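Hi everyone, thanks for making the time. I'd like to walk you through a model this morning, so do have it open and follow along.

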There are 2 protein chains.
Amino acid sequence: MAEFSATDCAHMAHALHLAERGVYTAHPNPMVGCVLVRDGDVVGEGWHKLAGAAHAEINALNAAGDKASGATVYVTLEPCSHHGKTPPCVDALLKAGVAEVVVGLEDPNPKVNGRGLELLAGAGIQTRVGLMRSDVEKLLRGFVSRVTRNQPFVRLKMASSLDGCIAMSTGESQWITGAQARSDVQRLRARSGAIMTGIGTVLADDPSLTVRDSSLDTAGKQPMRVVLDKDLRMPLSAEMLALPGKTIVYCSDDKNQAALVDVGAEVVRVDSDNGMVDAKAVLGDLGDRKVNDVLVEAGPTLAGSLIADELVDELVIYQSPHIMGSETIGMFRTPCWTELADRRALDITDVRRVGTDTRITARLEG
Amino acid sequence: MAEFSATDCAHMAHALHLAERGVYTAHPNPMVGCVLVRDGDVVGEGWHKLAGAAHAEINALNAAGDKASGATVYVTLEPCSHHGKTPPCVDALLKAGVAEVVVGLEDPNPKVNGRGLELLAGAGIQTRVGLMRSDVEKLLRGFVSRVTRNQPFVRLKMASSLDGCIAMSTGESQWITGAQARSDVQRLRARSGAIMTGIGTVLADDPSLTVRDSSLDTAGKQPMRVVLDKDLRMPLSAEMLALPGKTIVYCSDDKNQAALVDVGAEVVRVDSDNGMVDAKAVLGDLGDRKVNDVLVEAGPTLAGSLIADELVDELVIYQSPHIMGSETIGMFRTPCWTELADRRALDITDVRRVGTDTRITARLEG
């Protein structure tokens, strides 16, 4: 087990902050931050902005120039050893003559998986691994989820009243939560590779599911829109089909797909499960498409089904300070849960005010 | 407008803390605390424990003895000028020769209402009023509610899951919240003059509605149990009828009251309103009976009706970190609320963890 000093921690925390700058742009690549320190001074820092652009280590080495020689490298994720869109970082670190490499998390990607660290150690570079590992894992949980289980990290967002209602029985629901909560959702969208909804929500609300907040630098990227639509009822006039970015419609019966494809949608056939598109298969396909994080913005049917099927990793509830009463629609449709023992426990990880609403973030306990 | 120093504030805060010691015992009297200060030293303190026992001022004067002469009196509530169960405090203060009286809140009781302050001023005592008034008002809101509008302060307690469910559709509901939340409810009961429920809850759960936590010093008092039971369906075998303390059953049809009276209940007839016992009339009667605070522990029918009729002053929700789903019963039955505009806004005044649950306290906005 490697030992770390308070100074080590401070530099790794700095590298983590740098990594986070890529939150809206780095995906499907992991967010990575890197700090080079020589004789107690930070001589270079870098982070990874976009797939295809330089990795964090390269940006830090470039910033340090000659001062990289003999430096200690703090990098949140194990340096890559393989040729991807850019040459391996391990080679560049060796060439620059760094003295030591301190890593937060071993790269969970099977293509790397300790190989980068081995190469460094083999070349006589001192390495230490595991500094602030859990913070790095938390930051990269979408990436880790995809490369380890070929399934994106699934975040389900709901907006409800304090008594758990998402709409009136008539469907009236604009707006349950306030402007600041809606603007917070823009940030959740921007950090996601795909936004998933059900055909019911498309037919009822015709949402755009795009990032519209121009203050968020997404490098022009829009998350994919993903619609679960067993019988392919997706209207050709759906708003999202006319907007920048890609829309994928997952169905179990694709015989009417031609017209949808004509208007720019991709139609993918997957099996159905319990009368709905098999969401697990959809998530697998999104994993193949290198989606790290999926944000689900759906009605109670899809939300309840994903929860009951244990496909939700994190729940984000925007709870407005209102009572809506009984002539309403609840958050989750779960026809199979008939006893109190069927309820699902949550591990609440964060609660905070967002404007006039309360945002509750929770992991679903196994 | 009187002026107050930081030292004044510190002494009044001390008096407020003393007042709070009577939270489980002073009602129907107000909680009052009193501090006597001479030459910068606290020479006496007192609080009011029980109706019939000495008032806070008298306890403080007794503690100070000769040192009361020339002292400044900090008292949360205006001293009484009338003969109640004990002689007037104003007379005692004058007799002790205090120099000044600093008061938090004028007594809202029409029997006092400034008269105590007038008598003190008339006798040449300096008086200042309004120090930490809003804190005193908050502490005494039950008392203030009763003496100013002849209606108790109504606190509605609910236990729900994060998605707003209070039971499964089958009625199964033990336990939605954890042991610490239930123990917190014991404290809410102990500070209330009456606990109100509906006949539906009695028939379904047969609750005792008593204070059972022996660590709470209630001086042996139990809050009244109040059941709203239009057609007098109250079972003679109901648990609460066999327990210490008084049970009042409010009905609109009292022709079968004799048997209930035989087993110790009091039966009161009030008009019905919208197919239910008129809750406003019940609260008026409880005001006449000197109940300052009512805690409602009811099902969605009575809870929804009280909310819709704007009879609830404060809502206390114990929210458990669970999803219960759709085969459940919601918090409030409100058949009249059909549009989003009908929803009721809440002013959330406190949110905190109680064990594994979250307790949300809110005022209902008008």
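**Two helices, two chains**

Let's start with a pair of helices in chain A: A:Glu57, A:Ile58 and A:Leu61 in H2(A) meet A:Cys89, A:Ala92, A:Leu93 and A:Ala96 in H3(A). By class, that contact has six nonpolar residues, no polar ones and one charged residue. A word on terms: two residues are in contact if their C-beta atoms, placed from the backbone, lie within 7 Å. Ala, Val, Leu, Ile, Met, Phe, Trp, Tyr, Cys and Pro count as nonpolar, Asp, Glu, Lys and Arg as charged, and the others, Gly among them, as polar. Helices (H or I, at least four residues) and strands (E, at least two) are DSSP runs, numbered from the N terminus.

Please keep in mind that this is a predicted model, where local features need pLDDT of at least 70 and side-chain atom pairs count only at pLDDT 80 or more, while totals for chains, interfaces and linings use all residues. Residues are numbered from 1 along each chain as its sequence is written, and chains are lettered from A and ligands numbered from 1 in the order in which they are written.

Back to the helix pair. Two packed helices are described by the angle between their axes and the distance between the axes. For helix H2 (residues 56-64) and helix H3 (residues 89-96) of chain A, the axes come within 9 Å and cross at roughly 20°. That makes H2(A) roughly parallel to H3(A), a label for angles under 35 degrees, with over 145 being roughly antiparallel, 65 to 115 roughly perpendicular and the rest oblique. The axes here are lines fitted to C-alpha atoms, for helices over the stretch in contact, and angles run from 0 to 180 degrees between N-to-C directions. The crossing of H2(A) and H3(A) is left-handed, which is to say that the near helix is turned anticlockwise from the far one by less than a right angle; clockwise would be right-handed.

Zooming out, chain A has 11 helices and 19 strands. Its radius of gyration is 23 Å, close to the 21 Å that the globule rule gives for 366 residues, so chain A is as compact as a globular protein of that length. The radius is taken over C-alpha atoms, and the rule is 2.2 Å times the number of residues to the power 0.38. The C-alpha trace of chain A spans about 70 × 45 × 40 Å along its principal axes. Of the 366 residues of chain A, 49% count as buried. Buried needs 20 or more other C-beta atoms within 10 Å of a residue's own, exposed means 12 or fewer, and partly exposed is in between, with C-beta atoms placed from the backbone. Among contacts in chain A between residues at least 6 apart in sequence, 68% join residues at least 24 apart.

Now, how many residues does each chain bring to the contact between them? Chain A gives 35 residues and chain B gives 35 residues. On the side of chain A that touches chain B, strand S7 (165-168), helix H11 (300-308), strand S16 (322-323), strand S18 (344-354) and strand S19 (357-364) each supply at least two residues. S18(A) gives the most, with four residues. That side of chain A divides into 19 nonpolar, nine polar and seven charged residues.

Over to chain B. Is H2(B) mostly covered or mostly open? Mostly covered: seven of its nine residues are buried, among them B:Ile58 and B:Leu61. The cover includes helix H1 (6-20), strand S1 (33-38), strand S2 (41-47), strand S3 (72-77) and helix H3 (89-96) of chain B. B:Asn62 also lies in H2(B), but counts as partly exposed, with 14 C-beta neighbours inside 10 Å. After H2(B) comes B:Gly65, whose phi is positive, near 60°.

H11(B) is mostly covered as well, with eight of its nine residues buried. B:Glu310 follows that helix, with a positive phi near 55°.

Finally, some backbone details to check. A cis peptide bond joins B:His27 and B:Pro28, with omega about 10°, and B:Pro28 lies in the loop between H1 and S1 of chain B. Another cis peptide bond joins B:Gln174 and B:Trp175, where omega is about -10°. B:Asp39, in the loop between S1 and S2 of chain B, has a positive phi near 50° and is exposed, with 9 other C-beta atoms within 10 Å.
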